[in-house]
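I opened this notebook to record what I looked up in a single structure. The entries follow the order in which I worked.

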Amino acid sequence: FDNVRNLNVTVGSGPVMAIDQPLAGSVTRPFFVRGWAIDRSASSGSGVNAVHVWAFPVSGGPSIFVGAATTGLTRVDVGNAFGAQFTNSGYSLTVNSLSPGTYDLGVYASSTVAGGFNNVRFVRVTVQ
């Protein structure tokens with residue numbers, strides 16, 4: 001081969017997050033909202049300083065602030081996948097306040113790099 005091409009590739013920048021619990025479907029109170037959130041652009045730590053959970057009733061009505069999750073929980077799997085800096089990227093919140101009904105739960109992560117909430121994931125649950 002006599003053709004050469006150089007290319008710069010940036011890998012792993014920006015926010016990433018996941019909701020591990022609850023899975024979509026029926027839940028009974030209390031239930032947990034758990035997962036992990038990182039900002040790969042952070043120079044140290046997970047790059048996430050807050051995770052807030054909101055519930056949006058599918059039948060309509062105002063959104064409900066469910067709470068601020070505990071952050072900085074150990075997630076060895078995330079550290080193994082993205083680098084040791086992201087090991088303390090887990091979050092968890094116990095939910096006991098939602099009335100029976102179907103909700104889209106929005107989990108929002110705040111980035112220390114962006115200076116605010118810049119990532120969200122949703123899961124639909126029916127609270128029994």
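**Entry: salt bridges and overall form**

I began with Asp 20, which is partly exposed at 32% relative accessibility (buried means under 20% relative accessible area, exposed over 50%, partly exposed in between; 1.4 Å probe, protein chains only). The model is predicted: local features need pLDDT of at least 70 and side-chain atom pairs pLDDT 80 or more, while totals for chains, interfaces and linings use all residues. Residues are numbered from 1 along each chain as its sequence is written, and side-chain values use heavy atoms, without hydrogens and water.

I then searched the whole structure for salt bridges and found 3 (a side-chain nitrogen of Lys or Arg within 4 Å of a carboxyl oxygen of Asp or Glu). Asp 20 pairs with Arg 75 at 2.6 Å, N to O. Asp 20 lies in strand 1 (residues 15-21) and Arg 75 in the loop between strand 6 (70-73) and helix 1 (76-82), so the pair ties together parts 55 residues apart in sequence. I took helices (H or I, at least four residues) and strands (E, at least two) as DSSP runs, numbered from the N terminus.

Arg 75 is buried, at 18%. Arg 75 also meets Asp 77 at 2.8 Å, N to O, and Asp 77 is partly exposed at 43%.

I next noted the salt bridge of Arg 124 with Asp 104, at 2.7 Å, N to O. Arg 124 lies in strand 9 (residues 116-127) and Asp 104 in strand 8 (residues 101-111), so this pair ties together parts 20 residues apart in sequence. Shared partners join Asp 20, Arg 75 and Asp 77 into one network.

Finally, I recorded 1 helix and 9 strands for the chain.
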